[in-house]
Amino acid sequence: MTAVETQVQYNTTYTVTTEEYMIQEEDWDRDLLLDPAWEKQQRKVGASQVMSTIHILKVNTLKCTCIDVLIASHEVGKIPIVVARLECNIRHSFLMQTEITFTAWCNSHLRKAGTQIENIEEDFRNGLKLMLLLEVISGERLPKPDKGKMRFHKIANVNKALDFICSKGVKLVSIGAEEIVDGNVKMTLGMIWTIILRFAIQDISVEETSAKEGLLLWCQRKTAPYRNVNVQNFHISWKDGLALCALIHRHRPDLIDYSKLRKDDPIGNLNTAFEVAEKYLDIPKMLDAEDIVNTPKPDEKAIMTYVSCFYHAFAGAEQAETAANRICKVLAVNQENERLMEEYEKLASELLEWIKRTIPWLENRAAEQTMRAMQQKLEDFRDYRRVHKPPRVQEKCQLEINFNTLQTKLRLSNRPAFMPSEGKMVSDIANAWKGLEQVEKGYEEWLLTEIRRLERLDHLAEKFKQKCSLHESWTAGKEDLLSKKDYESASLMEIRALMRKHEAFESDLAAHQDRVEQIAAIAQELNELDYHDAATVNARCQGICDQWDNLGTLTQKRRDALERVEKLWETIDQLYLEFAKRAAPFNNWMDGAMEDLQDMFIVHSIEEIQSLITAHDQFKATLPEADKERAAIMGIMNEIMKIAQTYGIKLSGVNPYTVLSLQDISNKWETVKQLVPLRDQMLQEEVARQQANERLRRQFAAQANIIGPWIQTKMEEIGHVSVDIAGSLEEQMNNLKTYEQNIINYKSNIDKLEGDHQLIQEALIFDNKHTNYTMEHIRVGWEQLLTTIARTINEVENQILTRDAKGISQEQLNEFRASFNHFDRKRNGMMDPDDFRACLISMGYDLGEVEFARIMTLVDPNNTGVVTFQAFIDFMTRETAETDTAEQVMASFKILASDKPFITVEELRRELPPEQAEYCISRMTKYVGPEAAPGALDYISFSSALYGESDL
């Protein structure tokens, strides 16, 4: 008997013969006829092989009593004929198995329309249920069927169904409506297999494989992790039932406890899979467990048909899982961005609050009254600069880095740029920081000025007290002396003596006029410098001035009185007078010399102390002349003694014209000679101190002149590295990390310089002619260097992040960098608008004025007039890469919502992880559209808001 072969071709994808639905392998394609060659071969098979074949046929197919009988009667020669009959029975079994599977598959779809079939070759003969089946599985409407019961009505309906199949790209060969109407079971099954291939299997594609290979690859991937499962085909790989159970457990582990399944219980495994699939997955039972187990090679089409139902049952869940993963990814990015925004707001608030607290402290210019208190303020300021400010500098730098990183992440995730709260922009923080540094600089200058002022005040106050004490000791008793009327009872000589004495006093008084003026000048300067105890100074100065005026008045009165009686006294001892006249100035000179030799001094340089030494040397040069004057004065007294001794004059022992004695002159002269070496010692000690200060200046200058240029050089080197196109971004990052480590290692030099600077301040050194660098310059340069290296590393990190996120190659980045460097004519890391336009034109952009203005708003949103390298890279990245969009997120939510324009709370909690689900629920608005279910949420406006496209 010759089989009628019918071919069905699907868009050149695969070709199926209508007879193939019951053909298991070529050995069975004989339609009840045995091949003579095969029979001859079978006779040569040994007795053991024949017995083994019979045993397999007995156990796995149909029980055959005749074989047992033949074996029992030793009629082994008739066994091949019996085997042929068994083959016919097996083929019929395959046909019945396929018919059962196809019937169940058709009913799984027809029940959606409220009907089913009982006999596949009979129930499709009128074409009505066949058309209904095609409408259900395709979702399309077929032409209206004919309602008649005549044969031509049935043929017309079947032809409508076949035409619909052909319209879907299926080429039907040798399958006609007449065979279906006549109930040809092979043609009917071939047609159903064609429908299954087209509507259930053809659309299955995994990694661009064909339908059958795609379904097989899907099964292999899903069952790969399971023990005792090795899916290689659609027949014997499914006999033990473990593959079906693994498919169910992979997608619904709650339905089957895979660990309790046994490979030696295939029927139990298969029935478990059939029952679970029918009860929970809405997949009808299409196979029989015993038929599959007892058949050497189960029907491949039946297995494929049943397995395809699992693919379609789980495909929706996988699609929902993919959509949920996309939403989770988007929400995770959004949550991370919000966390970074909150962290930025917190850090910015804390830094601004610290600046707000610190500025009033630095603006406080309430001067202290003592040097100790002002030095404590200076020490507090040093603690602020060394302990309190450096962490805030790091916080400011980290804040800028976090802000740049956040903006980069928002840009890469296609989110709107982050706008901090009012007053918390990076520029606001920079302005506040600038104000802090300005106040800080003014505060330090004020502290040093105040210390100088208090030092000057202490010196003047001590000098004032010393001069006042000297003056008061000199004026003590002078008022009483001037008020005496001793001239009334004095002799002529005594009157003359009193007159000369008074003249000497007037000379002394005139000599002390300079000291009084100095006291008044010092008091005035103390008042001008706002001395804290100015009231006491003023009172004492006023007392001295009042006393001085009174002395002047009393002196004039006494002179008038002596002049009135001068005519009464004519003789006067010229020697005593000459002694008094010469001794008084000399005494005043010695008083002035002692005062100068004991005078306190303050100098700030070697030149100043040298000037004092020169003045002291000049003073010492006058000592020989002073010694001659002393000898002359002593000669006068010797002459008096000689005259008295010569003429026998009895001296009273007291010079009537002066209170000074020869002993007084000698004592003061010895005192002056003793004070001279002490003054020399003080000056030499001051010279040593100034030389030590000079060494400190030179030591500080030597380091500062090295560190200052080093910082400038590193700033320039970092600028060159940031725009260098040689090497990859990772190499640039390594170079920058090396620079950063070198800079960190160099911190010890800064600390050493800080120590030298502290020694200079403790030594009260206020200037340094050996260097132009101050400690403030070094500090500012060091802070700028730390900020620059951190910012440059952050920019390279952002470029790496941009490159990895956008898929930009290293060659593209090098090309962008080379173009930027070429048009960066000023070599300052920025391009002017004209250079930027030329750069874009060189890269192939056709720019009009409007388009160029639009691009400038992207790369220079703040209208600074320049384009930085980071802005240029961001622009070129946006031009060459794609990102997620709001439409993609909306499509994902639409899948989770089963194509509804809204989504419910239950769907979100079922499809998304708890954290992301609650995040969506708290931010989605209520859906107000038509047919809104209770608790419906609007995912469209929520998706738009994620990308800044909504006012949500």
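Mentor: Helices (H or I, at least four residues) and strands (E, at least two) are DSSP runs, numbered from the N terminus. With that rule, the protein chain has 34 helices and seven strands. This is a predicted model, in which local features need pLDDT of at least 70, side-chain atom pairs count only at pLDDT 80 or more, and totals for chains, interfaces and linings use all residues. Residues are numbered from 1 along each chain as its sequence is written, and side-chain values use heavy atoms, with hydrogens and water left out.

Trainee: What share of the residues of the protein chain counts as buried?

Mentor: Start with the cut-offs: buried is under 20% relative accessible area, exposed is over 50%, and partly exposed is in between (1.4 Å probe, protein chains only). Of the 952 residues of the protein chain, 45% are buried. Contacts are another way to read the chain; a contact means heavy atoms within 4.5 Å. Among the contacts with a separation of 6 or more, 74% are between residues 24 or more positions apart.

Trainee: Which residues does S943 touch?

Mentor: Leaving out residues up to four places away in sequence, S943 touches A886, V889, M890 and F893. S943 sits in helix α34 (residues 939-946), and its relative accessibility is 0%, so it counts as buried.

Trainee: How many residues does helix α10 have, and how far does the helix reach?

Mentor: The expected span of a helix is 1.5 Å times one less than its number of residues. Helix α10 (residues 211-223) has 13 residues and reaches 18 Å from its first C-alpha to its last, close to the 18 Å expected. Its buried residues are A211, G214, L215, L216, L217, W218, C219, K222 and T223.

Trainee: How many salt bridges does the count come to?

Mentor: Side chains of opposite charge can pair when their charged atoms come close. The rule here asks for a side-chain nitrogen of Lys or Arg within 4 Å of a carboxyl oxygen of Asp or Glu. The count by this rule is 45 salt bridges.

Trainee: Where do E336 and R339 lie?

Mentor: An α-helix has 3.6 residues a turn, so residues three or four places apart point the same way. E336 and R339 are three residues apart in helix α14 (residues 300-363), about one turn of the helix. They form a salt bridge, with the closest N and O atoms 2.6 Å apart. E336 is partly exposed at 28% relative accessible area, and R339 is partly exposed at 40%.

Trainee: Which distant parts of the chain does the pair of R559 and E506 link?

Mentor: The side chains of R559 and E506 meet in a salt bridge, 2.4 Å from N to O. R559 is in helix α19 (residues 534-565) and E506 is in helix α18 (residues 492-528), 53 residues apart. R559 is buried, with a relative accessible area of 18%. R837 and E849 form another salt bridge, their closest N and O atoms 3.4 Å apart. That pair links helix α28 (residues 833-842), which holds R837, with helix α29 (residues 849-859), which holds E849, across 12 residues. E849 is exposed, at 58% relative accessible area. Salt bridges with shared partners also join R262, D264 and D265 into one network.

Trainee: How far apart are the C-alpha atoms of E494 and P656?

Mentor: The C-alpha atoms are 6.7 Å apart, although 162 residues separate E494 and P656 along the chain. E494 belongs to helix α18 and is partly exposed, with a relative accessible area of 42%.

Trainee: What is the value of phi for N228 and where is N228 placed?

Mentor: Most residues other than glycine have a negative phi, and most peptide bonds are trans. Phi of N228 is positive, near 65 degrees. N228 lies in the loop between α10 and α11 (242-251) and is partly exposed at 41% relative accessibility. N863 has a positive phi too, near 55 degrees. N863 is in the loop between α29 and β5 (867-868), and at 68% relative accessibility it is exposed.
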